[in-house]
Amino acid sequence: MKVSYYGHSCFGVEINGRHLLFDPFISENPLAAEIDVDQIPADYILVSHGHYDHIADVKRIAKRTGATVISNFEITTWLEKEGVEKVHPMNIGGRWEFDFGKVKYVNAVHSSALPDGSNGGNPGGFLIDTPQCAFYHAGDTALSMDMQLIGRQCELCLAFLPIGDNFTMGIDDAVQASSFLKCNHVIPMHYDTFELIRVDHDEAVRKFRNAEVELKFMEIGETREM
Ligand code: NI
Ligand code: MN
């Protein structure tokens with residue numbers, strides 16, 4: 001499995017010959033200025049919730065690649081009206097088997113209005129279960145006891161967790177989340193993009209290490225084999 005970081009909460013994951021792209025927010029992210037949004041591969045685009053910093057480049061990438069957009073029903077319905085042709089609607093707690101593995105759309109504690117004020121349904125995260133690796137992209141969320149359910153239901157090899165605080169969990173709560181999830185490999189997201197979510201990287205790594213969790217910061221534009 002290959003993981004590429006495109007800034008903020010946007011990751012590309014190549015698994016089972018398919019390219020998954022999570023929460024594309026690139027062309028409007030100054031930190032991701034060197035990323036060419038028109039070169040990013042995608043067979044599936046997974047959108048955790050409706051906020052612009054997770055959905056900004058969905059239409060552009062979906063139109064170029066013909067990718068299927070997976071999100072909640074309200075968001076996929078809105079994207080269809082915006083001209084996105086291939087969508088797969090889900091809702092919280094539901095699971096579907098795709099050609100790369102199973103996807104469960106799980107609870108997130110957050111909000112989800114779309115950029116034009118339309119109803120973006122309930123925010124979520126994604127639990128991806130494949131024979132090689134089960135992993136979790138939390139979207140934007142607070143720490144919640146529901147994360148214990150994920151830890152009970154599958155053995156995660158990796159979790160993408162927000163650590164930026166203010167709008168989502170901060171470092172301390174993300175450490176607690178990794179314990180609830182029973183996951184000791186975490187890639188952080190949703191930090192540094194805005195003034196309100198700047199974090200001290202060394203402090204974050206230290207706090208996770210104290211809990212015996214490896215926190216792997218990725219550079220924007222970096223690809224890693226996991
Ligand atoms: Ni958000
Ligand atoms: Mn956000």
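The buried residues of helix H5 (residues 171-181) pack against E10, H4, strand E11 (156-162), strand E12 (185-189) and helix H6 (201-210) in this predicted model. On the H5 side, the buried residues are Ile 171, Ala 174, Val 175, Ala 177, Ser 178, Phe 180 and Leu 181. Lys 182 follows H5 and has a positive phi, near 55°. Lys 182 is not a glycine, despite that positive phi of about 55°. Its place is the loop between H5 and E12, and with a relative accessible area of 61% Lys 182 is exposed.

Asp 192 is another residue with a positive phi, about 70°, although it is not a glycine. Asp 192 sits in the loop between E12 and H6. In terms of cover, Asp 192 is buried, with a relative accessible area of 18%; the cut-off for buried is under 20%.

**Chain as a whole**

The protein chain has 6 helices and 14 strands. For 226 residues, a compact globule would have a radius of gyration near 17 Å, and the 16 Å of the protein chain agrees with this. The C-alpha trace spans about 50 × 35 × 35 Å along its principal axes. Of the 226 residues, 54% count as buried. The accessible surface of the protein chain comes to about 9800 Å², and carbon and sulfur atoms hold 46% of that surface. Considering contacts between residues at least 6 apart in sequence, 60% join residues at least 24 apart.

**Metal site**

Which residues coordinate the manganese ion (ligand 2)? The donors are Asp 53 (OD), His 54 (NE2), Asp 140 (OD) and His 190 (NE2), at 2.1 to 2.2 Å. Along the chain, the donors of the manganese ion (ligand 2) follow the spacing D-H-x85-D-x49-H. Asp 53 lies in helix H1 (residues 52-55), whereas Asp 140 is in the loop between strand E10 (134-137) and helix H4 (147-153), so the pair ties together parts that are 87 residues apart in sequence. Asp 53 counts as buried because its relative accessibility is 7%. Asp 140 counts as buried as well, at 2% relative accessibility.

Phe 135 is found in strand E10. This residue is buried, with a relative accessible area of 0%. Not counting residues up to four places away in sequence, Phe 135 touches Met 1, Val 13, Ile 15, Leu 20, Phe 22, Phe 126, Leu 127, Ile 128, Leu 156, Leu 158 and Phe 160.

Asp 38 lies in the loop between strand E3 (18-22) and strand E4 (44-46). With a relative accessible area of 32%, Asp 38 is partly exposed. Residues up to four places away in sequence aside, Asp 38 touches Arg 60 and Arg 64.

Is Asn 119 buried or exposed? At 55% relative accessibility, Asn 119 counts as exposed. Its place is the loop between strand E8 (102-107) and strand E9 (124-129). Leaving aside neighbours within four places in sequence, Asn 119 is in contact with Glu 74 and Leu 114.

The table lists C-alpha to C-alpha distances for a pair involving each of these three residues.

| Pair | Separation in sequence | C-alpha to C-alpha distance |
|---|---|---|
| Phe 135 and Ser 4 | 131 residues | 15 Å |
| Asp 38 and Glu 97 | 59 residues | 28 Å |
| Asn 119 and Trp 78 | 41 residues | 8.8 Å |

Technical notes. Residues numbered from 1 in each chain as written. Chains lettered and ligands numbered in written order. Predicted model: local features only at pLDDT ≥ 70, side-chain atom pairs only at ≥ 80, totals over all residues. Heavy atoms only, no water. Helix = DSSP H or I, 4+ residues; strand = E, 2+ residues; numbered from the N terminus. Rg over C-alpha atoms; globule rule 2.2 N^0.38 Å. Buried < 20%, exposed > 50% of the residue type's maximum accessible area, 1.4 Å probe, protein only. Contact = heavy atoms within 4.5 Å. Areas by Shrake-Rupley, 256 points an atom, 1.4 Å probe, with all protein chains shown as cover. Donors = N, O, S within 2.8 Å, 3.2 Å for Na, K, Ca; no water.
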